[in-house]
Amino acid sequence: MTSPASSSEVKYLIESSEGNTFDVSGAALRQSNTFNAMFLNIGADGPIPFTDYNEATLKKVFEYCEHSVNEENYSGPKHQDDLSKWDLNFFNEMDQKMFIDVINASNFLDIERLTSYCCERIARMLRGKNTQEMIKVITLPTAEELEAKQKVEEKKAAAAKKVAEKAAETAEKTETLEELPVQQLVQTTRNKLTRKYLSFSNE
Amino acid sequence: MSSDFPLLRLPEKALNLVIQCMDYIEIVGFSLASNKTKETVKSLNLQVSPLFLTTEEIIKVHVQRPSRMFWNFYPGGENAGNGPIPVYMPARVTARRGLTREILEYLNPGYSIQKWIDTVQYIFPHPGINCLVFKRDRCKFDMNSLMETIGTAKVNAFFFDDRCGVDCAKMAVRQFPGISRMYARSQNMVETSLYTDILMQNLDVLFLGEGDVIMRMEFDNLLLINSKEIKIRSRDITDKMINQFLKHWIRGSNPRMEFTLLLFPGGRILDANAILRGLNFREAPLDQVRLFTKPATQEPVEIMGGYDIRRVNGSVGTLKIVQDDGRGAVIFCVWN
């Protein structure tokens with residue numbers, strides 16, 4: 001379900017792992033390649049389920065996206081020294097757990113700019129360190145942990161599949177419009193065109 | 001956010017991005033941390049080349065591309081001495097990138113030099129050690145031990161540098177058969193008659209002399225050379241010697257030779273008439289430019305004009321005499 005917040009902006013509802021929903025602007029969401037691939041052209045009926053990530057993490061991620069809406073197109077990693085004060089504050093105010101959650105969510109949503117800045121920040125932690133010093137910084141996983149990680153990856157893949165299925169379901173609904181009664185079809189088409197118009201006018 | 005960071009639990013794409021943000025010195029250090037880190041780096045298919053392994057007082061490794069990196073392996077006190085000594089377990093390793101003063105130091109890293117080389121060979125799909133460099137009069141390290149350290153990595157070239165002695169060079173050639181390139185620029189190797197057995201090797205590239213290192217070369221030794229691509233820096237090669245050399249070539253000597261460059265330091269004026277005396281040649285017009293590709297290094301050479309000489313087997317070689325600002329050079333290339 002999309003809800004126009006203003007005449008020039010489309011808002012989407014995002015659902016977190018707690019089942020809570022919140023609004024994110026289409027402009028911010030378009031920074032997510034995952035969203036673009038699944039929902040941009042067909043829209044979404046109901047909240048978009050990013051239920052592998054909690055509300056705080058998703059809000060943090062989309063806070064970054066909202067902030068960088070007007071920045072020029074992403075063109076590769078930026079050196080940390082070139083980050084704006086806002087960017088630095090954004091990263092500095094996160095604790096390690098939140099930082100990791102943000103990387104994971106950003107990676108899933110395929111937000112190139114945010115993922116890349118996070119990764120550059122991690123590489124910076126290892127800069128100028130020899131192997132022993134790196135081992136102190138990074139936690140080397142045990143065999144059990146590696147196995148558990150594989151299971152998590154599988155679970156994530158299943159979640160991604162679920163999201164894709166939801167998108168496909170929405171697409172299917174769009175394709176079967178002609179089966180609807182004429183009046184309902186007119187109304188649905190009108191809604192869709194309005195949404196597209198609002199979406200374009202925002203670009 | 002500075003310790004216990006679960007780096008390897010990041011999603012694969014993010015982990016790869018982190019590694020791509022690191023420089024190569026750090027990437028090598030990172031890959032030594034565990035099998036998982038090593039495999040992760042390998043999967044990125046990063047490239048380095050060429051790789052030099054230098055034996056001096058200590059063993060050094062350096063890589064030129066994508067950026068210059070140097071690793072120095074220092075022995076502990078118990079490994080000090082004149083040698084030949086076995087290749088030691090490093091007590092200290094330093095890593096430096098480019099010309100920076102910033103040095104990354106490893107104290108008692110617990111990794112042998114062999115493990116270091118194996119790791120670099122493994123994580124960067126590298127064809128081998130491009131150049132094994134010898135700098136001391138006598139190699140400080142026992143050659144068998146050096147071979148073990150290099151392991152299965154293929155050595156492509158020798159670089160006899162600085163004060164490398166003839167015996168050291170000969171021993172290296174005996175221990176590492178199958179080397180295709182040899183560069184001699186050691187002050188202790190200017191007397192080429194002392195290592196005719198090396199001159200006779202079927203090499204792809206043989207460079208004798210560079211800069212201040214000017215080789216002594218007798219005519220008979222010139223005929224012994226059996227490499228494809230030859231460069232000799234010498235004052236001893238006279239016009240008459242070149243003339244005789246070409247006459248021997250016509251009759252079948254130096255059968256593998258495809259490109260020769262003779263450099264004459266010290267303001268030598270070449271006499272074309274003396275060089276060509278008694279030869280049956282065809283002079284190519286000066287505005288005729290032919291492109292020759294060196295057989296081993298694949299470097300292109302523009303041949304403008306020159307003198308074409310036909311061999312008894314029908315192949316044609318072009319002689320080009322270059323006289324530029326008092327410096328003389330002779331180029332001879334054989335067209336296939």
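**Figure 1. Helix 6 of chain A against helix 1 of chain B.** In this predicted model, helix 6 of chain A packs with helix 1 of chain B, residues 12–20, at an angle of about 55 degrees, and the two axes lie 8 Å apart. The crossing of helix 6 of chain A and helix 1 of chain B is right-handed.

**Figure 2. Residues that make the contact of these two helices.** From helix 6 of chain A the contact takes A:Thr115, A:Ser116, A:Cys119, A:Ile122 and A:Ala123, while helix 1 of chain B supplies B:Ala14, B:Leu17 and B:Val18. Sorted by class, the residues of this contact of helix 6 of chain A with helix 1 of chain B comprise six nonpolar and two polar, with no charged residue.

**Figure 3. The side of chain A that touches chain B.** Across the whole contact between the chains, 28 residues come from chain A and 27 residues from chain B. On the chain A side, the elements that contribute two or more residues are helix 5 (96–109), helix 6 (112–126) and helix 7 (131–137). Helix 6 of chain A gives the largest share of this side, with eight residues. By class, the residues of chain A that touch chain B are 15 nonpolar, nine polar and four charged.

**Figure 4. The elements of chain A.** Chain A holds nine helices and four strands, and, read from the N terminus, its elements follow the order β-β-β-α-α-β-α-α-α-α-α-α-α. Of the 203 residues in chain A, 27% are buried. Among the contacts in chain A with a separation of 6 or more, 71% are between residues 24 or more positions apart.

**Figure 5. Chain B and its annotated F-box stretch.** The UniProt record, an unreviewed entry, places the feature "domain: F-box" at residues 4–55 of chain B. Chain B as a whole contains 10 helices and 17 strands, and its C-alpha atoms fill a box of roughly 80 × 45 × 35 Å along the principal axes. Of the 336 residues of chain B, 38% are buried, and 65% of the contacts in chain B between residues at least 6 apart in sequence join residues at least 24 apart.

Note on methods
Residues are numbered from 1 along each chain as its sequence is written. Chains are lettered from A and ligands numbered from 1 in the order in which they are written. This is a predicted model: local features need pLDDT of at least 70, side-chain atom pairs count only at pLDDT 80 or more; totals for chains, interfaces and linings use all residues. UniProt positions are given in the numbering used here, feature names are shortened, and annotations may be inferred rather than shown by experiment. A residue is buried if 20 or more other C-beta atoms lie within 10 Å of its own, exposed if 12 or fewer, and partly exposed in between; C-beta atoms are placed from the backbone. Two residues are in contact if their C-beta atoms, placed from the backbone, lie within 7 Å. Ala, Val, Leu, Ile, Met, Phe, Trp, Tyr, Cys and Pro count as nonpolar, Asp, Glu, Lys and Arg as charged, and the others, Gly among them, as polar. Axes are lines fitted to C-alpha atoms, for helices over the stretch in contact, and angles run from 0 to 180 degrees between N-to-C directions. A crossing is left-handed if the near helix is turned anticlockwise from the far one by less than a right angle, and right-handed if clockwise.
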